[in-house]
Amino acid sequence: MENDILNVLISEEELAKKVQEIGAQISKDYEGKNLMMVSVLKGSVVFMADLMRAVTVPAEIDFMSVSSYGSGAKTSGVVKIIKDLDIELAGRDLLIVEDILDSGLTLSYIKKILLERGPRSIKICTLLDKPERRKADIFADYSGFEVPDEFVVGYGLDFAEKYRNLPYIGVLKPSVYEK
Ligand SMILES: O=P(O)(O)OC[C@H]1O[C@H](OP(=O)(O)OP(=O)(O)O)[C@H](O)[C@@H]1O
Ligand SMILES: [Mg+2]
C-alpha cells in the first residue's frame, strides 16, 4: 500500500491538531443549539469519528451515502443516494461532515436535498478543500486544509475502495490510477 504513495501530504499529527482546532470552533458556534452532525459515507467516517469527539457540546449523529466517483479518479458527475438519513431534520442545526470538497457536486447535491427537509440551519465542514477542481457553487463553513489538484488518499479517502485505512493523507502515484 505505502509503495503506491508518492508523498505524505498531511501527517497524523497535523490531522489530529487540525481536528482539535475545528472541534473547538464548532463547540463554540453550536453552544445552545440543536446540533446534528451528518457524515457522508464512506470517505468522511474517519474524520467524523475524530471530529465528533472533539466537539464538547451535545450532538446527534447520522450517516448518509451518495456516490459520485465510483471506482475512478474522476467524478462521474452523477450523484446518487445510496443510504439516506434515519433522523428527521426539521428544526435541527445540521452540520454536514465531509472528507473532501473537490468538484463540489456531491456536497451541492446533498445540501440541496437536505435543505428541502426544513433544518433550522445547515453548514458544511470539510477536512480537505481542492479549490482548483471546483465545478459547483458551494463553499465550506469549516475547512481543514487546502490541497493541490492531486489525487489524495488515506484517513478515509480511497481509490477504488483502497487506502482508506492509511493514517495520514498521501498523494497517490498517478501510475496507480492511470493504468
Ligand atoms: O466534490 P466532489 O467532486 O463531489 O468529490 C468529493 C466526494 O467524492 C468522494 O466520495 P465518493 O463519491 O468517491 O464516495 P466515498 O466517500 O464512498 O469514497 C469524497 O469522499 C467526497 O464525498
Ligand atoms: Mg465521499
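In what order do the three strands of the open sheet run? The order is 1-9-8, and the pairing is antiparallel. Strands here are DSSP runs of E at least two residues long, helices are runs of H or I of at least four, and both are numbered from the N terminus; two strands pair if DSSP finds at least two bridges between them. Strand 1 (5–10) and strand 8 (152–153) sit at the edges with a single partner strand each, so one side of each has no neighbour in the sheet. Four antiparallel bridges tie strand 1 to strand 9 (residues 169–172), and Ile-5 faces Leu-172 of strand 9.

All of this comes from a predicted model, in which local features need pLDDT of at least 70 and side-chain atom pairs pLDDT 80 or more, while totals for chains, interfaces and linings use all residues. Residues are numbered from 1 along each chain as its sequence is written, chains are lettered from A and ligands numbered from 1 in the order written, and side-chain values use heavy atoms, leaving out hydrogens and water. The protein chain has a mean pLDDT (the predictor's confidence in each residue, from 0 to 100) of 93, with 94% of its residues at 70 or more. The model's scores are ipTM 0.97 and pTM 0.94.

Then there is strand 6 (residues 121–129), where seven of the nine residues are buried, meaning under 20% relative accessible area with a 1.4 Å probe, protein chains only. Strand 6 runs parallel to strand 5 (residues 93–101), joined by eight bridges, and Ile-124 is the bridge partner of Ile-96. Strand 6 also runs parallel to strand 7 (residues 142–146), through four bridges; there, Cys-125 stands across from Tyr-142.

How values were computed. Buried < 20%, exposed > 50% of the residue type's maximum accessible area, 1.4 Å probe, protein only.
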